[in-house]
Structure formats: C-alpha cells, structure tokens
Amino acid sequence: MNKIKEILRLRYECNLSNRQIAACLNIAHSTVSQHLSRFKSSGLTWPLNDTHHENQISQALFEGRSPSKNKVMPDFTLCYQELKRKGMTKALLWEEYCHQYQEQAYGYTQFCELYRRWLKTQKRSMRQRHQAGDKLFIDYCGPTIAIMNPDTGECRQAQIFVATLGASNYTYVEASESQGLEHFLMAHVNAFNHFGGTPNLLVPDNLKSAVIKADRYEPTLNESYRKLAHHYGIAVMPARPYKPKDKAKAENAVLIVERWIMMRLRHQVFHTLAELNQAIRGLMHDLNQREMKQLGISRHALFNKIDQPALKTLPSQPYVYIDIKRAKVAPDYHIQYKKHFYSVPHPLVGQQVELEATHQIVRIYHKGNIVAQHPTSQKEYGLSTVHEHMPSNHQYQSWTPERFIRWAQTIGPAVGEVTSLLLKRPKHAEQAFRSCFGLLSLAKKHSDARLEQACRDALVAEKPYLNFVKNLLQNHREGTLSRQSPDTPNLNHTNVRGSNYYH
C-alpha cells in the first residue's frame with residue numbers, strides 16, 4: 001500500500017514517467033501503469049484526503065471494480081467440507097455454484113483463485129519456543145540408501161535416523177538396518193552418546209517401535225521404549241497423529257539431511273553399514289559446522305553455547321537392549337530366536353517359556369526361574385545345545401571320540417583299547433557311538449572289574465566286538481581265555497619227530 005501512495009506521489013507531484021517511477025521503486029513499469037490506470041477509473045483524485053484509509057484505497061483500486069460488484073461470493077466453508085469427500089472435485093462444486101447463482105457466479109478460474117486465497121487465511125501456526133536442552137525431535141527420512149553385498153550383488157536398504165535438538169538445531173544422523181525396535185532404540189543410545197548428555201523430553205513420530213497405540217491425548221508407548229526412557233530419566237511425548245507441526249524441527253531436519261547428506265551420497269556404492277555411517281558422519285559434521293543464514297551462527301557453535309550445558313548427565317551404565325519373547329518348547333527341546341535354535345531342559349517340551357536376549361547372551365525363564373542361558377549366536381539355523389538338556393538316550397549324539405576314550409580308560413586299559421578299536425571300525429561316527437555306549441553301559445550291570453576282564457579276553461581272542469564281550473559277561477566266562485595255559489610236557493615217542501628231522 002505504501003508503494004501505491006509513492007507511485008501516485010511521484011507521478012502527480014514529481015511528474016516522473018512510468019519508467020522513471022519503476023526505476024525509483026525497483027518495480028516493473030507495467031505495474032506502475034496498471035496502478036495509475038486503476039486510480040483514474042476509481043473516481044479518486046490527487047491529493048488524497050486525510051480521511052482516505054489504506055483499506056479504502058485498496059478497495060477502490062482492486063475490489064471496487066464494476067465486473068465484481070454483482071457477483072456472489074461462494075460459501076468456501078461448505079466447499080472445504082465437501083472436498084473432504086472421496087471423489088469430490090472443485091469443478092463439480094463450481095458447477096453447482098453456477099447452477100444456483102447463474103449470472104452472479106464467478107468463472108471457474110476466479111472461483112479456484114478465491115478459494116485458494118480463502119484457504120490460506122484459514123491456516124494458523126503458533127511459533128514454538130524451545131528451551132535449552134529440553135526437547136529432542138526424532139524421525140526417519142523417507143528415502144533410503146542401498147547397501148550392496150559385493151559377493152552376491154544383493155542390495156538392502158538402510159534407514160536414515162535423524163535426531164535434532166530444539167534450541168540449537170544440532171542434528172545427529174545415523175544409518176540403521178531397519179526401523180525395528182532394536183535398531184530404533186540403539187540409534188537413541190548412539191545419539192545420546194554423541195550429544196554427551198540427554199534432553200528432558202523425546203518427541204518421536206508414531207512409528208510402531210515407539211508407540212503401540214497412537215492417541216491424541218494418551219498414546220500407549222512401546223514397553224522397551226518406556227524402559228529406555230526410564231533408564232535415562234527422560235520423558236516421551238509422541239507427536240499427535242497427523243500433526244506434523246508438533247515435530248516441525250524434525251521435519252525440517254529430515255529435509256535438510258535429505259538434501260545436504262543423502263543427495264551427496266547418491267553416486268557412491270556402499271558395501272557395509274559401517275562404511276555408510278562413516279561417510280554420513282563426515283557430512284553430518286559439515287552440516288553442523290555450516291552457518292545458519294537467519295541466525296548467523298552454526299548449529300555446532302549454538303549447541304556448545306546453549307544446549308550442551310543444559311543436557312542431563314549420562315548414566316554410568318549405557319542402556320542395553322533386551323528383547324523379550326515368549327516361545328513354546330518344541331519336541332526337540334529347542335526354541336527358535338532370530339533363526340537360531342537354543343536348547344532348554346527336555347522335561348519342558350510343550351511348555352511356554354520366556355526369553356530375554358541381548359547382543360551377548362540369551363536367558364530362558366520358566367515360571368520366573370531361569371532354566372537355561374546361551375551366548376547369543378548369529379549363525380542362521382544353527383544349534384546351541386547343552387548336553388545336560390538332552391534325554392539320556394539322546395546324549396550320545398553330542399559325544400566325541402575323545403570323550404568316549406576318556407570314559408573307557410577310567411574303567412580300565414583293556415576297556416579303553418576295545419573302545420578305540422570300536423571307534424575305528426564303522427564308516428559313520430554315530431554307528432561307533434552307539435557301540436561304545438553299549439559297551440560302557442555294561443559296567444553298570446556287571447561292574448567295572450568284570451568288564452575289564454571281558455575286554456582282555458576279547459583282545460586275546462582278537463574279537464574286540466560288543467556282542468562278544470556281552471556274551472562273555474552274560475555266561476560268566478570272562479577270564480577263561482586270558483588265563484595262562486600250562487606248559488606242554490616233554491614226550492618221548494617213536495612217532496614224535498625232533499627238530500633234527502626237518503632239514
């Protein structure tokens with residue numbers, strides 16, 4: 001409005017041409033010509049009276065023209081509600097509007113323009129004020145970055161985690177395997193370690209790893225996320241559903257990360273997640289060191305100045321993610337966790353157990369009591385089996401030849417020797433294991449001494465077999481073959497030939 005008055009002053013008081021006025025005010029000369037033409041047709045005269053308010057001048061020049069005097073303004077509030085219906089269009093609403101008002105209706109182009117202006121006036125946005133060290137806004141970027149396996153050529157997509165502090169806009173960026181619960185929580189832990197402290201409040205989006213049930217007033221947090229917040233002594237207040245302005249800082253940070261970091265990495269090929277995160281860290285450092293145009297200071301400098309001193313101290317022990325699952329013990333007395341099988345005591349077959357797993361150890365509970373624990377294994381479809389968890393008739397399958405020989409030698413050297421010979425005979429090791437179990441179990445029924453004597457007889461007879469030893473013990477004939485035979489007497493007989501006979 002001030003420029004309109006200045007155009008009129010330069011024209012009627014200074015007698016400047018349209019182009020001279022445009023040069024003075026740094027506007028197009030066509031704009032000057034249009035304003036002067038509207039002023040002439042408005043009925044106003046220069047100099048303007050003191051009673052003319054700026055709104056009156058604007059109405060006289062723009063809204064008071066004859067083509068629109070008899071037009072009826074559409075009910076845009078009703079139009080806004082109708083456009084929420086599936087399949088509704090502005091064209092249909094305009095046709096209904098024209099049918100109702102006919103000659104007094106605006107054209108379709110003007111109708112859309114007026115609706116656009118009206119809609120813009122309905123939007124209200126309250127400026128948020130962020131205290132130092134108070135809020136940390138959490139979100140994921142929409143685009144992902146590919147990680148290619150150099151051996152197979154298989155690609156997996158890495159998710160980009162973004163966390164930004166409200167007061168300083170200091171931003172942390174990390175590539176994760178997924179948006180799953182474990183990766184989501186450990187990204188928080190890494191962010192806290194990077195900041196060197198924790199904020200008072202976390203403001204995440206409503207992804208399932210954070211919120212089980214979204215609600216405008218009382219959202220239900222994921223139990224593991226609640227435990228993380230309790231460990232660090234912070235609160236969680238998820239953004240309201242469909243209210244992106246609740247986390248406007250995160251939305252803006254995500255946009256900057258996509259443009260400043262992800263677009264710079266679009267031509268690079270990454271083979272590991274660590275390699276990708278190393279590239280991200282370098283660009284993240286540059287992003288936080290850049291000067292923000294509106295504030296004239298970098299995010300890093302502002303973080304050191306206001307946010308870092310206000311952050312809470314990290315606890316002495318970092319948060320350790322514990323994955324809690326329920327499982328039913330299979331007939332093979334194992335439960336499955338992340339494509340690996342862990343054993344439990346065989347009497348629990350068919351029972352429900354609870355599993356607590358970290359990246360180092362897996363603990364299994366039954367009715368609150370720990371019944372098994374194993375080192376966490378990343379081997380897919382592998383077995384972690386404790387020998388004592390197996391039934392007695394299955395235990396031989398987990399034995400080794402060395403273990404059988406050690407057991408046999410505790411009974412006696414002859415038993416050890418027969419066991420060694422049994423282990424060498426079959427083509428398959430499990431066949432020998434059964435024979436060894438059968439041999440060594442004879443000591444429980446017949447005693448160690450009798451088994452040792454029977455094995456000596458088997459070695460003398462050169463028949464180190466399980467059935468031979470078993471028959472000796474069952475018939476109480478052990479020791480008959482290994483006794484010293486009496487000396488042969490000297491016989492003098494005409495039919496007996498001496499050694500000199502053979503030359």
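Q: Why is strand S4 (residues 171-176) called largely enclosed by the rest of the structure?
A: In this predicted model, 6 of the 6 residues of S4 are buried, so the strand is largely enclosed. Buried means under 20% relative accessible area, exposed over 50%, and partly exposed in between (1.4 Å probe, protein chains only). Strands (E, at least two residues) and helices (H or I, at least four) are DSSP runs, numbered from the N terminus.

Q: Which residues of S4 point one way, and which the other way?
A: Thr171, Val173 and Ala175 point one way. Tyr172, Glu174 and Ser176 point the other way, and all are buried. In a regular strand the side chains alternate between the two faces of the sheet.

Q: What makes strand S3 (residues 155-165) and S4 a pair?
A: Two strands pair if DSSP finds at least two bridges between them. S3 and S4 have 6 bridges, in the antiparallel sense, so they meet that definition. Thr164 stands opposite Thr171 in S4. The two strands form a hairpin with 5 residues between them. Asn169 in the turn has a positive phi of about 65 degrees.

Q: Why is Cys112 called buried?
A: The relative accessible area of Cys112 is 18%. The limit is under 20%, so Cys112 counts as buried. Cys141 is buried too, because its value is 2%.

Q: How do you know that Cys112 is in no disulfide?
A: A disulfide is a pair of cysteine sulfur atoms within 2.5 Å. A search of the whole structure finds 0 disulfides. For Cys112, the nearest cysteine sulfur, that of Cys79, is 10.0 Å away.

Q: What makes S12 (334-337) and S17 (383-384) edge strands?
A: They belong to an open sheet of 3 strands in the order S12-S13-S17, with mixed pairing. Each has a single partner strand, so one side of each is left without a neighbour in the sheet. S12 runs antiparallel to S13 (residues 340-343), joined by 4 bridges. In S13, His340 is the bridge partner of Tyr337.

Q: Where do helix H10 (residues 248-262) and helix H11 (residues 273-289) make contact?
A: Their axes come within 10 Å and cross at roughly 115 degrees. Contact means heavy atoms within 4.5 Å. Ile256, Val257, Trp260 and Ile261 of H10 meet Ile280, Leu283, Met284, Asp286 and Leu287 of H11.

Q: How are the residues and values of this model counted?
A: Numbering runs from 1 along each chain as its sequence is written, and side-chain values use heavy atoms, with hydrogens and water left out. Local features need pLDDT of at least 70 and side-chain atom pairs 80 or more, while totals for chains, interfaces and linings use all residues.

Terms used:
Axes are lines fitted to C-alpha atoms, for helices over the stretch in contact, and angles run from 0 to 180 degrees between N-to-C directions.
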